[in-house]
Protein chains: 6
Amino acid sequence: MSVSTPAVITRPSQRAANQLRDIRLTRHYTKHAEGSVLVEFGDTKVICTASVEASVPRFLKGTGQGWVTAEYGMLPRSTGSRMDREAARGKQGGRTLEIQRLIGRSLRAALDMNLLGENTIKLDCDVIQADGGTRTASITGACVALYDAVGVMLERKLIKQNPIKQLIGSVSVGVYKGMPVLDLDYAEDSTAETDMNVVMNDAGRFIEVQGTAEEGDFDFGQLQQMMELAQQGIEQLIATQREALGLS
Amino acid sequence: MSVSTPAVITRPSQRAANQLRDIRLTRHYTKHAEGSVLVEFGDTKVICTASVEASVPRFLKGTGQGWVTAEYGMLPRSTGSRMDREAARGKQGGRTLEIQRLIGRSLRAALDMNLLGENTIKLDCDVIQADGGTRTASITGACVALYDAVGVMLERKLIKQNPIKQLIGSVSVGVYKGMPVLDLDYAEDSTAETDMNVVMNDAGRFIEVQGTAEEGDFDFGQLQQMMELAQQGIEQLIATQREALGLS
Amino acid sequence: MSVSTPAVITRPSQRAANQLRDIRLTRHYTKHAEGSVLVEFGDTKVICTASVEASVPRFLKGTGQGWVTAEYGMLPRSTGSRMDREAARGKQGGRTLEIQRLIGRSLRAALDMNLLGENTIKLDCDVIQADGGTRTASITGACVALYDAVGVMLERKLIKQNPIKQLIGSVSVGVYKGMPVLDLDYAEDSTAETDMNVVMNDAGRFIEVQGTAEEGDFDFGQLQQMMELAQQGIEQLIATQREALGLS
Amino acid sequence: MSVSTPAVITRPSQRAANQLRDIRLTRHYTKHAEGSVLVEFGDTKVICTASVEASVPRFLKGTGQGWVTAEYGMLPRSTGSRMDREAARGKQGGRTLEIQRLIGRSLRAALDMNLLGENTIKLDCDVIQADGGTRTASITGACVALYDAVGVMLERKLIKQNPIKQLIGSVSVGVYKGMPVLDLDYAEDSTAETDMNVVMNDAGRFIEVQGTAEEGDFDFGQLQQMMELAQQGIEQLIATQREALGLS
Amino acid sequence: MSVSTPAVITRPSQRAANQLRDIRLTRHYTKHAEGSVLVEFGDTKVICTASVEASVPRFLKGTGQGWVTAEYGMLPRSTGSRMDREAARGKQGGRTLEIQRLIGRSLRAALDMNLLGENTIKLDCDVIQADGGTRTASITGACVALYDAVGVMLERKLIKQNPIKQLIGSVSVGVYKGMPVLDLDYAEDSTAETDMNVVMNDAGRFIEVQGTAEEGDFDFGQLQQMMELAQQGIEQLIATQREALGLS
Amino acid sequence: MSVSTPAVITRPSQRAANQLRDIRLTRHYTKHAEGSVLVEFGDTKVICTASVEASVPRFLKGTGQGWVTAEYGMLPRSTGSRMDREAARGKQGGRTLEIQRLIGRSLRAALDMNLLGENTIKLDCDVIQADGGTRTASITGACVALYDAVGVMLERKLIKQNPIKQLIGSVSVGVYKGMPVLDLDYAEDSTAETDMNVVMNDAGRFIEVQGTAEEGDFDFGQLQQMMELAQQGIEQLIATQREALGLS
């Protein structure tokens, strides 16, 4: 399962190039939401809730289709130095909007919107401690919360058929000192030349790929190596989701 | 330690009229903040962080005095039905502003601003699960986070002398079906005739009193009974703070 | 009617500890509103209007109940140094929101919402000159405007039965140089150790109590003394309201 | 002093075509501002204050020149039906911005900015009762407030020489049922075909002319007639200003 | 066609006092809008689009009448030094609101709102290069876009009868070094003593007159001279509109 | 240069799978900006300006480094149905922020920030007509505007050495009915299963890759085919940039 990498480079985290951080998924983390999951990718901790609402946005009214949307936030001191509270500043920043759009798009791929009926599931991903990879942890955790919320909907007879099509997982990959590595923590992320967030389904196919050469650039060979690392990582993440959900 | 109340009334929570919920204070709850505490009043759970900044608001520049300020938020699904995210709506609501002003005023009473020097401590109280009494839990938890942040400042030699003057605790009291009761949970709070938030110091003296007759009104006798319950409750809360902080 | 206080303290206003400022209530102050009152507590002057609207907020639609809500503002130069205009800054500050929430809650206690029917009365309290106690003057004046607006509604047959349950008055009390005093003006308020706003009905019972130890703290004995002063003051204020309204 | 108009048309206000409403200017209306004037054009009542600040906007720093700026607002129930409060809506409307820009431009014409030095005078015009012509009343009243504020500045030795160059007055004119009329009240304004606001100095020369054909259009002859009415009206307004200010 | 002016003054643009800049009207400039015109007044270039919507604002619902409204914007670098983007600042400035209100009012005069039926035409005027007179160019160009949009509505049978009552043109006039001049460019506008924007219909009658003495003042004689220049200029502008529209 | 694709699929645009639309780059499109380019990808038209400012954001002050930032907007009627104007709505949407962040990041790769010195180049990309691919056209056009602005800086001696490191181009690729295609227009983009925006430098290496499976998902083979198409397309785009800039 390893990818050949130059032996000499050591990651700040001491992990192997293709090694995820400790992943934990705690279901039923808070009591009110239909789905509520604490997801931990090492020291990155995000509360993901899924809330069911019996209505849809205007553009879907009368279509018989449902919707999944997401919001993302960071507690002001989830980070090393305190960030301004977005509610106090009076607007969400560009990074926040970008991330919540990504989470929403990614998780919409999990459901058959016709089977969901005219219901909306709102995913809230709130970072309580950040150490890199908050958006990939959010997607991975929100998928489990979504699954639980769908379970509640079935139980409450709000829907007749299970709309879940597939599980969705996400991880970051990057090039750190020339070496492709999996699941970057903050120390690695902030010095990586390239940073890529990958979203895949449980069949190992791509839903989203977003890569940035923060410094320098990358070629197709590096892209291929990163994609392979991502594929391995997401396979493990989806296995962890299955285990948390008690799926065989 | 009991207050005479009509024997026949039972609280929804089955607690005695003068009984607090289970109180828990978990220090060092997240890793980045100088002070970080998870406070639990029964099912009400609030993350309180204290962040140190080496500057003061404009009106204090050059005075040699420090400042303590607070911000408060609720995760959208900390409540029974999902609330709009304030960052997405583009402003903090009146209730939020009112609560964070109360937290700030209350905790400023804990410190000698001259000994704090031209530093600001920002308290963030973020409710991850709400079941009544979020503002009183926030004040009680934030006091411990503040204490820890001051400890870090002393350690880092940012200040020479300990500016802590006193510990501050807070609890709600109310009149439920005619019976004065301590520490209302959501079920009690939403049906109480009168709801009062009391903030006290460790000498049992008042810092803030805020009471509202949601339905009906109250007289001086009831006010007195509520104040006595509050005094007992806050005494216990401050004992719990001392224990959590390892103070004799 | 006097409260024993140390003989040596003199209030900046030269008033006795239990003495209100000159109170004036001018009805029909402006011509458009259903109720329009200029209230003066000494140099504090507030225009209070009550506007009737034949609808209710969404959460009351179909319940048969009415609503009372309030907004508060200060003219930019109602104060010693000019404040920014909130409309120009693009938002109402926390103090404004806190005060208008207090006014609304207090005056809702004056009416039987079932008798009001699905109508809303909007109270606007605009301070044209500030000298301490603007929120208590606002509540006291708005009650008279509300009364007049209800009269117009009865006249216009918008309601059948008078929904007024009770008159509401409000005054501040505080501890100035150790002495409990009534109805603080700006000079007193800004140096008082404790400042308390009390709202009562015409039966002398409490609707709201909001007290802050700006400097130091206070004990139950002081609280009791302040409550007694407030009770005396509000009794006089409600007598003044009755007189203005031509009630026996 | 009359202008020939068709004898048969009667204004709703019963006034002659060239007749102003009752004009009143009450100086020292509120106590804090350097200049404070209640201006009344009939039932239109505006509080105009002038506040002195010892600084200038960034674009004037270091130029030795001063600045005059204006803000305008209407109390929510200054009008027949209640308007939303701009502070609560979170922004000033286009009409408000247009009016306050007009007031500022007009009154800047009153002063020699070099003699004002690097000081700013902020004019606040707050309508407490509206009956047409609020912007022209505001300009006329603000001029007197400005004059008083300059007097305070001279007294306090903030400036050495009087920067007042000229008095400024303003009035509306319009075409009502084909007849040019002076100083329209609300009933006339809302049915006039053409509405024009004119600002002039004490030499009878134009500072601003803003005319709109709300319905239809107008020709040069009508423009000329309206200008003549405006000239007469403003001459009287400036006489009233002089009288109020005790100028010979 | 000339107006007597002092022979010695030369305009920065070298134009005669009564000479327009080169005027160009390019229809069908972009492909999506029902009307789309690039208007050029010399170096001032504005894209004017007219968009048809099958609804009206709330206050017109059920009246059978239509509406015309306008929005105005400047590209950040349409000017000599870059302006902040209004969308990024989070609000439109006072000048923008004032201009778009003027454009809307002016073009509403072009149509019979009853014949328009319950439809709205939205005019967007976006300045891509500014050199003075952007608002007058916008009105002149938007009139042609409006005409084209009405043509599309007739073609699509959205309306039965042509609602166009008259063509509308607009130009600025001013007093430059004592000389009344027509159609000021930026160099002239920024040094003119008086600046006036005039809107007229194709019968040579006034729709709007907005004049400001930026420096100094002006008298009735100058006003008359400016009006005459405006009348000549707008006559030519409307001839250009006719030619562009292929009207005889 | 062709990629093997199923022969039977025809693109709505009739173009070959690997065929760009007509590309045009018009320099000096408007007169004020240091760089001003109209870029056309078929019917997609974007005005890109580059504005030079002699300062940097706070986080770069004193570092000797420069900055490049971007803003993006669409004229309201650049699209088939009119979009709300972001300035009027009071905020930029998530899509806008996402795109302008992408443009900024991409073009920062073009420059050596040390050679730029403490200067900022602001890129404004304003879409006047949209037909798919507005962000890739913006990046491609803004690179030429940036180049021109650097030329002006060298001419004006604002910098000593040319900071341009490389040219940057961008194009979209997608999977349309199973066939990988280059440079999607609106008709193709709105029905494509996968949509990918690729940014590359003039050495054919990746700067950014952003791919979304709007419907379904994609595998590594498809990713590879899309990357090859992008590489071919961007090579041609950069050749067109060179030609426009007169580079050999």
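**Notebook: the A–B interface and the fold of chain A**

I looked up the polar contacts first, and in this predicted model there are 25 residue pairs in polar contact between chain A and chain B, both residues at pLDDT 80 or more; a polar contact is a pair of N or O atoms within 3.5 Å, where within protein one must be able to donate a hydrogen and the other to accept it, and residues adjacent in sequence count only if both atoms are side-chain atoms.

I noted that strand E3 (44-53), strand E4 (67-74), helix H1 (86-89) and strand E5 (120-129) of chain A each give two or more residues to the side that touches chain B (helices are DSSP runs of H or I with at least four residues, strands runs of E with at least two, numbered from the N terminus).

I then counted 14 salt bridges between chain A and chain B, each a side-chain nitrogen of Lys or Arg within 4 Å of a carboxyl oxygen of Asp or Glu; one of them joins Arg85(A) to Asp126(B) at 2.9 Å, N to O.

For buried area, the accessible area (1.4 Å probe) that two parts lose on being put together, summed over both, I found about 2,900 Å² between chain A and chain B, with 46% from carbon and sulfur atoms. On the chain A side, His32(A), Arg77(A) and Arg82(A) lose the most area to chain B, together 24% of what that side buries.

Turning to chain A itself, I recorded six helices and nine strands, and its C-alpha atoms fill a box of roughly 55 × 45 × 30 Å along the principal axes.

On conventions, residues are numbered from 1 along each chain as its sequence is written, and chains are lettered from A in the order in which they are written. Local features need pLDDT of at least 70, whereas totals for chains, interfaces and linings use all residues, and side-chain values use heavy atoms, without hydrogens and water.
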